[in-house]
Amino acid sequence: MPTPPTQEDAIYAKAQPHLVDFEFNEAVVNVFPDMIRRSVPGYSTLIPLIALLAEQYALPDSRCYDLGCSLGAATLAMRHRIRQSGVEIVAVDNSAAMIERAHDNIDADIASVPVELICGDINEVEISNASVVVLNFTLQFIDPSERLVLLEKIYQGLRPGGVLLLSEKLKFDDDEEQTLLTDLHHAFKRANGYSDMEIAQKRTALENVLIPDTVEQHQARLAEAGFASYRLWFQCLNFASLLAIK
């Protein structure tokens with residue numbers, strides 16, 4: 001079955017008097033590629049860079065995990081870069097609508113690296129024999145009280161020298177920096193065609209769902225989970241990615 005064409009994100013284009021919390025439902029799945037392109041600065045650059053890092057760190061006969069895989073963008077990118085033999089990609093998301101569409105995307109792809117797609121809670125999925133784990137704008141949707149436990153599980157499931165690629169929206173302790181980068185992010189959205197009403201309504205819908213951390217909070221948590229090194233390797237406005245090595 002061919003993958004449906006991408007639709008324009010107009011979810012918040014009309015005034016909604018009773019906004020509900022954001023969720024990755026069928027309506028979001030139908031517009032997700034357009035939504036992520038217009039909402040996350042640097043996303044189109046980050047995905048192929050994640051694949052390059054996976055190519056560098058993937059070990060033969062190991063697993064690469066894409067936790068919170070959505071439609072499989074990082075999975076597909078890694079699939080086309082990884083050259084090591086015996087590598088399997090395990091892609092997990094708790095949205096049935098996302099996994100169903102990811103299946104379509106994988107089936108339409110010509111790369112040969114095997115992919116296992118799992119519809120489930122990443123907090124409950126076993127991580128084992130891993131050389132690469134990707135958390136691409138996923139941890140921010142996990143309850144803050146559960147984040148360290150998840151990172152500890154990932155650390156335990158990684159082989160020595162294995163890596164975690166952790167991409168997140170950031171917050172900042174400095175009020176001026178927070179205001180500057182928030183304003184720039186909103187300007188980025190306006191430049192991509194979102195109205196002020198759309199920006200405001202989506203921000204409200206995400207308020208109780210997406211809880212960002214500072215870089216320092218991420219680094220402290222990675223250290224507590226056991227990672228030997230961790231560094232910020234990519235940032236575009238208030239979106240960034242850290243590389244943590246076991």
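Contact here means heavy atoms within 4.5 Å. The model is predicted: local features need pLDDT of at least 70, side-chain atom pairs count only at pLDDT 80 or more, and totals for chains, interfaces and linings use all residues. Residues are numbered from 1 along each chain as its sequence is written, and side-chain values use heavy atoms, with hydrogens and water left out.

Start with helices H2 and H3. Helices (H or I, at least four residues) and strands (E, at least two) are DSSP runs, numbered from the N terminus. From H2, the residues Tyr43, Ile47, Ala51, Leu52, Ala54 and Glu55 meet Ala73, Ala74, Ala77, Met78 and Arg81 of H3. By class, this contact of H2 with H3 has 9 nonpolar, no polar and 2 charged residues. Nonpolar covers Ala, Val, Leu, Ile, Met, Phe, Trp, Tyr, Cys and Pro; Asp, Glu, Lys and Arg count as charged; the others, Gly among them, are polar.

The axes of H2 and H3 are 8 Å apart, and the helices pack at an angle of about 45°. That makes H2 oblique to H3. Axes are lines fitted to C-alpha atoms, for helices over the stretch in contact, and angles run from 0 to 180 degrees between N-to-C directions. Angles under 35 degrees count as roughly parallel, over 145 as roughly antiparallel, 65 to 115 as roughly perpendicular, and the rest as oblique. The H2 and H3 crossing is right-handed. In a right-handed crossing the near helix is turned clockwise from the far one by less than a right angle; anticlockwise is left-handed.

Now the interior. A nonpolar core is a set of buried Ala, Val, Leu, Ile, Met, Phe, Trp, Tyr and Cys residues joined through side-chain atoms within 4.5 Å. Buried means under 20% relative accessible area, exposed over 50%, and partly exposed in between (1.4 Å probe, protein chains only). The largest such core has 42 residues, and Phe22, Cys64, Met78, Ile82, Val132, Val134 and Leu165 have the most contacts inside it. At least two residues each come from H1 (26-39), H2 (43-57), H3 (73-81), H4 (96-107), S4 (130-136), S5 (158-169), H7 (196-206) and S7 (239-245). H2 gives the most, with 7 residues. Take Met78: leaving aside neighbours within four places in sequence, Met78 is in contact with Ala51, Ala54, Asp66, Ile89, Val132 and Val134. Apart from this core lies another, of 24 residues, among them Val125, Tyr155, Leu166 and Leu222.

In H5, Arg147, Leu148, Leu151, Glu152 and Tyr155 meet Arg221, Leu222, Glu224 and Ala225 in H8. The contact of H5 with H8 has 5 nonpolar, no polar and 4 charged residues. H5 and H8 (residues 215-225) pack at about 50°, with axes 9 Å apart. They are therefore oblique to each other. Their crossing is right-handed.

Two loop residues deserve a look. Most residues other than glycine have a negative phi. Asn129 has a positive phi, near 50°. Asn129 is in the loop between S3 (115-119) and S4, and is partly exposed at 30% relative accessible area. Phe137 also has a positive phi, near 55°. Phe137 is in the loop between S4 and H5 (144-157), and is buried at 11%.

Finish at Ala191, which lies in H6 (residues 175-191). Ala191 counts as exposed, at 66% relative accessibility. Ala191 and Arg38 are 153 residues apart in sequence, yet 8.6 Å apart in space, C-alpha to C-alpha.
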